[in-house]
Amino acid sequence: MTGLQTAAPITLELVHSGRISVLRWLDALTVKPAKLINIPHGSLKVGTEADIVILDPESKSIFSPDMNASRSTNSAFFGREMRGSVKMTFVGGRLAYETR
């Protein structure tokens, strides 16, 4: 999905600049979308699905075409410095993504 790869670092700019809190950021990227499509969210209780993202909010990189995981060959963010990156994603308790 175009834009998903850059969603965390681009929106983290709002946290780093002090425009929103990290809790507001988490809510906007996790709870609100889950509610919108009516799926369970926001629990790490025993017996629930473990959907977890591990990120480094301080890592810096310049987004380039060779980093692009999308099938799309263009992005408005190529050449842009980004702060924050997803390192791993677990879906249903299983590793679904790891930084290459």
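## Helix α2

Let's start with α2: this helix has 15 residues and reaches 20 Å from its first C-alpha to its last, close to the 21 Å expected at 1.5 Å a residue. (The expected span is 1.5 Å times one less than the number of residues; helices are DSSP runs of H or I with at least four residues, strands are E runs of at least two, and both are numbered from the N terminus.) This is a predicted model, where local features need pLDDT of at least 70, side-chain atom pairs count only at pLDDT 80 or more, and totals for chains, interfaces and linings use all residues. Residues are numbered from 1 along each chain as its sequence is written, and side-chain values use heavy atoms, leaving out hydrogens and water.

At A28, α2 bends by about 40 degrees, the angle between axes fitted to the seven residues ending there and the seven starting there. (Buried is under 20% relative accessible area, exposed is over 50%, and partly exposed lies in between, with a 1.4 Å probe and protein chains only.)

N38 sits in the loop between α2 (22–36) and β1 (52–62). Its phi is positive, about 60 degrees, although N38 isn't a glycine. Most residues other than glycine have a negative phi. N38 counts as exposed because its relative accessibility is 70%.

Strands β2 (residues 81–91) and β3 (residues 94–98) pair in the antiparallel sense over 4 bridges; pairing takes at least two DSSP bridges. F90 stands opposite L95 in β3. The hairpin has 2 residues between its strands, and G92 takes a positive phi near 60 degrees there.
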